[in-house]
Amino acid sequence: MSTTGATADPLAALGSLPGVADSVESVRKSVDRVYGHRVMRRRSNEITSEAALRGARGSAALSGADWALEEVRRRSDFGVDDEARVVGAALRLTAEAGQLLSIWRQSPLRVLARLHLVATASEGDEVGRPRQAGEDVHEPLVELPLPGAAEVSGRLEGLSELIIAGSSAPALVTAAVVQGELLALRPFVSHNGLVARAAARIVLVGSGLDPKSVCPAEVGHAELGRAAYLAALDGYVSGTPEGMAAWIAHCGSAIELGARESTAVCEALQRGAA
């Protein structure tokens, strides 16, 4: 996303794209339904915990580890193979994201570095910093042209400036741009998809749209499918108004499906079935 131009608030300008306002309103209604459920008034911590687990499972599925929810729930060893490590990384990121809310608005690049460190669970020289010229990126499920290290650095700085400056844009728009930009850039040598979705979650929670983190968009993205996710991402990367609007709408649909998932959990708890 270009951060230059005539408008002083490019994120807010995206909110005026055709169809985006409808997506924003639909998301708000879906989120409000979850928060208005009677179970949320008494057992919100349980809903948050379950949403975190399901969100981590969904994010891992988008990164190639499509495990059944009960498998994620029962496993304790996440270091035995590549898929297990992806699931473990998704779980760690979900747990860490809530600890970084206060830092995000002041230093988003610091938060991104921390997220990558948590995802990799290692201390190599390439961990927790944007990739350098000549370094390979392991992100096999995103097959977009890879921007050079200099472009990555410049666009990350631009994204950071937008976050720090603040915007009147709806949370959906900001979260979609953060996720789309990180997926397009793939700024780290690995785990970019997981980090991008965790950063979008931080935006949604920190903005106040979903303060208890009970509407896991990752669930919705996984339900809509990896092919649709990547097709919508192509629209973001195109930079056209139509493509950007389609990506934002796709992210909105994912949040709505996440909200529906947690509503179902609320109803199961209310029936005493969960």
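Helices are DSSP runs of H or I with at least four residues, numbered from the N terminus.

## Basis of the model

This is a predicted model, in which local features need pLDDT of at least 70 and side-chain atom pairs count only at pLDDT 80 or more, while totals for chains, interfaces and linings use all residues. Residues are numbered from 1 along each chain as its sequence is written, and side-chain values use heavy atoms, with hydrogens and water left out.

## The largest pocket

A pocket is found on a 1 Å grid over the protein atoms alone, as an open set of points with protein on both sides within 12 Å along at least five of seven lines; its lining residues have an atom within 4 Å of a point. The largest pocket has a volume of about 490 Å³, volume being the space filled by probe spheres set on the points, which are joined across faces, edges and corners. Its lining comprises 27 residues, and those nearest the centre are Ser-63, Asp-82, Val-86, His-138 and His-191. Two or more lining residues come from each of H5, helix H7 (108–120), helix H10 (192–206) and H12. H5 supplies the largest share, five residues.

By residue class, the lining of the largest pocket holds 13 nonpolar, seven polar and seven charged residues. Here Ala, Val, Leu, Ile, Met, Phe, Trp, Tyr, Cys and Pro count as nonpolar, Asp, Glu, Lys and Arg as charged, and the others, Gly among them, as polar.

A cavity, in contrast to a pocket, is a set of grid points where a 1.4 Å probe fits but cannot get out. Two cavities of 30 Å³ or more are found in the whole structure.

## Aromatic pairs

Rings of Phe, Tyr and Trp (its six-membered ring) pair if their centres lie within 6.5 Å; planes under 30 degrees apart count as stacked, over 60 as edge-to-face and the rest as tilted. The structure holds three such pairs. Trp-67 and Phe-78 form a stacked pair, at 6.4 Å centre to centre and 25° between the planes. Trp-67 lies in the loop between helix H3 (38–62) and helix H4 (69–74), and Phe-78, 11 residues apart from it, in the loop between H4 and helix H5 (82–97). Both residues are buried (buried means under 20% relative accessible area, exposed over 50%, and partly exposed in between, with a 1.4 Å probe and protein chains only).

Ring pairs also link Tyr-229, Tyr-236 and Trp-247 into a cluster.

## Cysteines

The structure holds zero disulfides, a disulfide being a pair of cysteine sulfur atoms within 2.5 Å. Cys-251 is in no disulfide, as the nearest cysteine sulfur, in Cys-215, is 15 Å away. Cys-251 counts as buried because its relative accessibility is 4%. The sulfur of Cys-266 is 9.2 Å from its closest cysteine sulfur, that of Cys-215, and is therefore too far for a bond. Cys-266 is buried, with a relative accessible area of 0%.
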